[in-house]
Structures are given as structure tokens and as C-alpha cells.
Amino acid sequence: MKTIGKYAVAATVTAMLACAASAAPASAEVLKFVSWQKDEKGIGDWWGSVIKEWEAKHPGNTIEWTKVERSAYSDTMTTLFAGGTPPDIVHLASFEFQTFANNGWLEDLGPWVEKAGLELDGWSGQDICNFQDTTVCIMMLYYGTIFGYNEEMLKQAGVDVPTNYEEFLAAARATTKDLNGDGIVDQFGTGHETKGGGGQYIAEMASYLFDAGARFTNAEGEVTIDTPEMVEGLTRWKTVVKENLTPRDLSAGEVRKLFADGKIALKVDGPWIYSIMQQGAAKDKLKLASVPFDPPLGGSSNILAMPSEISEEKKQLVWDFIAIATSDKFQTSFATLAASTPPSPRADLTEAKAQIPHFDLMAQSQKAAADHKIDRIPIGLEIQFNEFSKMIQEEAQRMIIEDLDPAAVAKTMHEKAEALQ
């Protein structure tokens with residue numbers, strides 16, 4: 001039934017896009033733009049402003065913006081491309097565009113970048129868009145994590161705000177408590193989602209792995225899991241979960257709510273954690289600080305691209321849209337409207353810093369992560385990421401449930417990752 005539902009969504013979107021095109025005057029162009037972010041506060045408003053600017057610069061032409069839910073997004077886009085009806089403006093998550101590029105569905109943007117003189121040096125996360133030596137996309141969001149903590153819990157436990165892993169572990173242990181004496185932990189030192197998909201599971205583990213110096217692959221895409229650094233990172237993850245320093249089997253939303261309501265002392269998360277904190281019962285006790293992991297976890301989020309099989313006239317119009325989105329003006333407005341760090345190093349962050357108290361923390365974390373080329377998607381395993389992340393999750397869970405030696409687990413992960421390549 002789920003599969004039927006996904007194809008139904010794809011068919012509906014295809015029909016909507018076709019109707020939009022047929023309803024336009026013959027002399028006008030309608031660019032099709034599909035996104036999951038249309039109704040998201042902040043980022044959706046920013047996309048709307050880019051569309052408004054593009055339409056003002058191309059009188060008589062319009063952009064038809066269609067929303068598809070994230071859960072059905074990849075299947076819908078695959079169906080549209082495979083059926084020869086891709087959206088003109090391609091918006092994809094950074095962990096899914098590789099399959100589209102591998103099928104030859106995405107335009108080589110290198111010549112467009114060169115012709116426009118778009119300077120991408122220092123553009124956060126842009127290396128990820130260099131797929132098989134071709135620039136197939138422009139990174140639209142690469143964020144660094146931020147660190148929230150419950151000031152009251154730390155004071156009661158007699159520990160300071162942690163600045164490194166050792167202090168983080170000590171603080172997590174000191175604040176994990178059975179408050180009512182029933183033998184069940186009801187206040188946790190930290191919080192991780194452990195029942196989601198493989199990609200999210202890797203993201204939850206990653207701070208411990210990367211801080212220990214571990215990487216899944218090297219710059220050449222060779223698997224580098226069976227190392228002392230990875231053994232140390234897996235040991236840290238096993239410690240946190242095995243000692244019940246984090247609640248288990250909860251969704252990301254449930255874990256974030258526990259933190260916001262004062263049931264978790266320490267939380268490393270993306271920039272969105274701030275707004276969640278403001279909605280919780282413990283909001284007056286929650287503070288933000290620099291992430292106590294080096295380097296901090298960074299994450300590529302979403303990209304812009306164009307289909308390879310549309311007319312040259314439409315490609316120029318799509319590039320004009322990309323040029324607006326990547327301009328200094330709109331990268332600057334991204335910081336304020338989306339309340340997040342824009343990838344462009346040329347964005348003026350003055351207003352964002354004045355409006356958002358923790359913006360400097362986000363910017364510093366993003367830069368540190370980008371400088372270390374941190375991402376949860378390993379080089380050389382982009383196409384196999386879904387299988388890879390599922391395997392990592394299964395082996396890590398087995399390590400905890402069966403109390404396996406992290407060294408043996410690292411060896412197994414290494415062998416299975418190589419077999420996927």
C-alpha cells in the first residue's frame with residue numbers, strides 16, 4: 001500500500017505540472033519547481049522571495065511551485081525523471097542527488113558556473129556537489145551543529161559546561177538519574193534518536209566518531225573503518241547507549257521534546273534546536289554553547305540543479321533562478337529569513353547576528369565543520385549510501401545488544417562497506 005501511495009503522489013504531481021504548463025500563454029514559459037520546503041516557515045519564505053525576484057526579471061514568465069512531502073519526495077522525483085517529465089528547477093536532498101546524477105539526469109553546471117563567473121571558493125559543502133569530477137549541483141545549505149544544555153541540571157550535578165568529549169561524558173553521567181527511586185532512569189544526560197533510519201543513526205553517532213579522528217572513507221573514497229580511531233569512536237557510542245545516558249527507541253521529535261521540557265541535560269543538534277527550546281517547559285533553564293566535539297558535526301542538506309534533458313532556452317531560465325538564489329543579496333537574506341547559515345562566504349551576516357542571539361555559534365560551527373569537510377555521506381559511498389547507512393546501523397545496534405567488542409565491529413563494518421563498493 002505504501003508503494004501504491006508513493007506512485008499515486010508521483011502521478012498527481014505529474015498531472016499538476018502538466019496542467020500548469022498547458023494553462024500558460026503560448027508565448028510564456030512556466031518553470032516547474034518541486035520542493036518539500038514550500039510551507040516551511042523561514043526557508044519557505046526565502047524560496048518565495050527568490051521566485052518573486054525571478055518573475056520580476058522575466059515578465060510574463062512564471063514559476064509553478066509544487067509541494068511534495070519529504071517522505072514521498074525521492075520516489076516522486078524518480079518517477080518524474082524516469083517518465084521524462086522532470087521539474088525544470090531541481091531541488092533535492094544532498095544525500096539523494098547522486099542517484100539522479102549517476103543516471104545522467106542532471107546537467108553539468110561547470111560551464112554555467114564558469115560563464116557566469118560564480119565564485120564557489122569557500123562555498124560551504126560545495127565539494128559534495130562535485131560528483132564524478134563534474135559539478136552537478138549547487139549546495140544550498142550546509143549547517144554546523146550547536147550545543148544546548150540545561151544550566152540548572154549542570155549546577156545541581158556540580159559540573160561545568162563541557163568543552164570536550166571527556167567533560168561531556170562526565171557531565172552526562174552526572175546528570176543521568178533515577179529521580180523517584182523506582183530503578184528506572186527518568187532524567188538523561190544526553191539524547192539521541194536510536195530508532196530512525198540508517199542516515200539519521202549515522203548522524204547521531206557521528207560526533208563521537210569524528211571527534212575520535214575516525215572517518216568512514218578517505219578523500220579518495222577508500223574505506224577507512226577498521227582503524228584505532230573508529231574503534232575509539234564506536235566505544236564512545238557504545239558507552240553512551242549502554243549506560244543509558246540517552247533514552248532509547250524514541251523518535252528525533254520525542255528526544256528533542258524531552259530536552260526542551262527539562263528531561264535531558266545535554267543536546268547536540270542542528271540550528272533548529274533553538275526554536276524547539278523556546279517551546280519547551282524548561283526554556284528558561286536552557287542555554288547554548290559551542291559544541292564540545294572537535295570538529296563539530298556538519299551536515300549538507302539540500303541542493304539546486306537542472307535537468308540535462310530540457311531545452312537550452314529553459315536551461316538559461318533555470319540558471320537565472322540559480323544565479324538569483326546564489327547571489328550575495330539572497331544569500332544574505334537567507335541568513336535572516338531561514339535563520340540559518342548560508343553557504344556563501346560573501347553573505348553579509350550583520351543583520352542576522354543582530355536578530356539571532358546564537359548566530360555566531362552557528363557560523364563558527366558551520367565553518368569548522370566545512371573546513372574539515374565533515375559530512376555524514378562518505379566519499380565513495382554516495383550511490384550506496386542507503387545500503388551503507390543501514391548496514392552501519394545494524395552492526396552498531398548488534399554491538400550494543402550483544403555486547404560485542406568495538407574492534408571486531410569495526411572490522412566487520414569495514415569488510416561490508418568494501419563489499420558495497
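Are phenylalanine 81 and phenylalanine 100 buried or exposed? Both are buried (under 20% relative accessible area, with exposed over 50% and partly exposed in between; 1.4 Å probe, protein chains only).

This is a predicted model, where local features need pLDDT of at least 70, side-chain atom pairs count only at pLDDT 80 or more, and totals for chains, interfaces and linings use all residues. Residues are numbered from 1 along each chain as its sequence is written, and side-chain values use heavy atoms, with hydrogens and water left out.

**Aromatic pairs**

The whole structure holds 21 aromatic pairs. Rings of Phe, Tyr and Trp (its six-membered ring) pair if their centres lie within 6.5 Å; planes under 30 degrees apart are stacked, over 60 edge-to-face, the rest tilted. Two edge-to-face pairs, one from and one from, are tabulated.

| Pair | Centre to centre | Angle between planes |
|---|---|---|
| Phenylalanine 81 and phenylalanine 100 | 5.3 Å | 70° |
| Phenylalanine 168 and tyrosine 208 | 6.3 Å | 65° |

Phenylalanine 81 is in helix H3 (residues 70–82) and phenylalanine 100 in helix H4 (residues 97–102), so their pair ties together parts 19 residues apart in sequence. Helices are DSSP runs (H or I, at least four residues), numbered from the N terminus.

Phenylalanine 168 sits in helix H7 (residues 165–175) and tyrosine 208 in helix H8 (residues 198–211), 40 residues apart. Both are buried. They also belong to a cluster linked by ring pairs, with Phe147, Tyr149, Tyr165, Tyr201, Trp237 and Phe293.

**Charges over rings**

Arginine 236 lies over the face of tyrosine 165, 4.1 Å from the ring centre. The charged end of arginine 70 sits over the ring of tryptophan 36, 4.6 Å from its centre. Such a contact needs NZ of Lys or CZ of Arg within 6 Å of the ring centre and within 35 degrees of the ring normal.

Methods. Helix = DSSP H or I, 4+ residues; strand = E, 2+ residues; numbered from the N terminus.
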